[in-house]
Amino acid sequence: MAKAKQLPSGAWRAQVYAGKDANGRRQYKSFTESTERKANLAALEWQEKYRDVASDSANLTVEEAIDAYIALKSNLLSPSTIRFLDNVKRNHLKGIKSTRLNKLTQNLLQEAINAEAEKSSPKTVKNVYGVITAVVSQYRPDWAIPKITLPQQKKPSAKALNRQEIAKLLNSIDGDVIEIPILLALWLGLRRSEILALKWDDVDFEKSTIRIDEALVPNKDHKMVTKSTKTTDSTRTLNLPPYIAGKLKELPHKSDRIFNISEGLLSKHFPRVCKRIGIGPFKFHDLRRSMATVGLTLNIADKLVMARGGWNNMQTMKKIYQVVLDSDMNEADLLINNYFESLLPRVGEGKTVQHEMQHDN
């Protein structure tokens, strides 16, 4: 049995062996409580509940398996991922939630996916299927999951602000409650969660830089918690434009965090701003997409745009975030049309060419 040890903070932590990860490294489940007794009890309860998972895990129902998976991976998964797993357990796969893993068949899985496709987007269905495959692989590794037909993915309707809309926005938000978050998302490409997590210590006014190394996201209980950035490439330090630095200096220092606002305010208020000034409709996340699109318009090297926005996958950036704007397409059409028109025979030249061909014959 695990024995709790006291931490420098005064709390007590008990650790329980929880198997090995895909690379063979030992994993441990931690339980931190205010007293030694509570920590040991929490560890014991977890051990009792999941003692037989390794040897008889195929007897778990899908719902129980998702719960076990969350408990097993809780120290490794991000709060957002855990929240999604919990959401899948509660609101999806209802047709097979009570089915034991050793009773799952290809037909049952396909029927469950078909039911999901009737109520959810293709992307959500794909993510839900990803959950069930991860859980089955963990607790029923002997079963090679058969091929399941998923709904066809739809081309994402990505939107970004064009030059005129950006200018209109920048000239209309002075003094707005989310003016600086808008600037950080549009100008520097910060994610909403990264903006909410920013602290005053992250800003170096002397060097004119801003460091992004945390994100503030809701967990499965809808409580905002701090986590590391989405990927290692998302942790970055950017040059801080003087205009934004000046705006930041005007803000009061009420706490360690720069912005004491909710994620809902950013999501709900920005569309209202767009409606008020006559652009859009746009979502707050479209601001980050607009930064990537500006990089495309200005022919900035892909790797530089990736570094600025904190992407670790070029395909994701180019396919989802960089948008071909109508204005840019019109300019490209004009250049291409002018090129071909310049090669067309001028008035009278066509007859000359035809006469020369007849003469040669």
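Which hand, left or right, does the crossing of α7 and α8 have?

## Basis of the model

This is a predicted model, in which local features need pLDDT of at least 70 and side-chain atom pairs count only at pLDDT 80 or more, while totals for chains, interfaces and linings use all residues. Residues are numbered from 1 along each chain as its sequence is written, and side-chain values use heavy atoms, with hydrogens and water left out.

## Helices α7 and α8

The crossing of α7 and α8 is left-handed; a crossing has this hand if the near helix is turned anticlockwise from the far one by less than a right angle, and is right-handed if clockwise. Helices (H or I, at least four residues) and strands (E, at least two) are DSSP runs, numbered from the N terminus.

Helix α7 spans residues 163–170 and helix α8 residues 179–187, and the two pack at an angle of about 155° with their axes 12 Å apart. That makes α7 roughly antiparallel to α8, since angles over 145 degrees count as roughly antiparallel, those under 35 as roughly parallel, 65 to 115 as roughly perpendicular and the rest as oblique. Axes here are lines fitted to C-alpha atoms, for helices over the stretch in contact, and angles run from 0 to 180 degrees between N-to-C directions. In the contact (heavy atoms within 4.5 Å), Ile 166, Leu 169 and Leu 170 of α7 meet Ile 182, Leu 183 and Leu 186 of α8. The residues of this contact divide into six nonpolar, no polar and no charged, where Ala, Val, Leu, Ile, Met, Phe, Trp, Tyr, Cys and Pro count as nonpolar, Asp, Glu, Lys and Arg as charged, and the others, Gly among them, as polar.

## Helices α12 and α13

Helix α13 (residues 302–309) packs with α12 at an angle of about 160°, their axes lying 10 Å apart, which makes α12 roughly antiparallel to α13. The crossing of α12 and α13 is right-handed. Arg 288, Met 291, Ala 292 and Gly 295 of α12 make the contact with Val 305, Arg 308 and Gly 309 of α13, and by class it has three nonpolar, two polar and two charged residues.

## Helices α4 and α6

With an angle of about 90° and axes 11 Å apart, α4 and α6 are roughly perpendicular to each other. Phe 84, Leu 85 and Val 88 in α4 meet Asn 127, Val 128 and Val 131 in α6, a contact with five nonpolar, one polar and no charged residues.

## Backbone details in two loops

In the loop between α11 and α12 lies Pro 281, which a cis peptide bond joins to Gly 280, with omega of about 15°. Ser 208, placed in the loop between β4 (203–204) and β5 (209–212), has a positive phi of about 60° although it is not a glycine.
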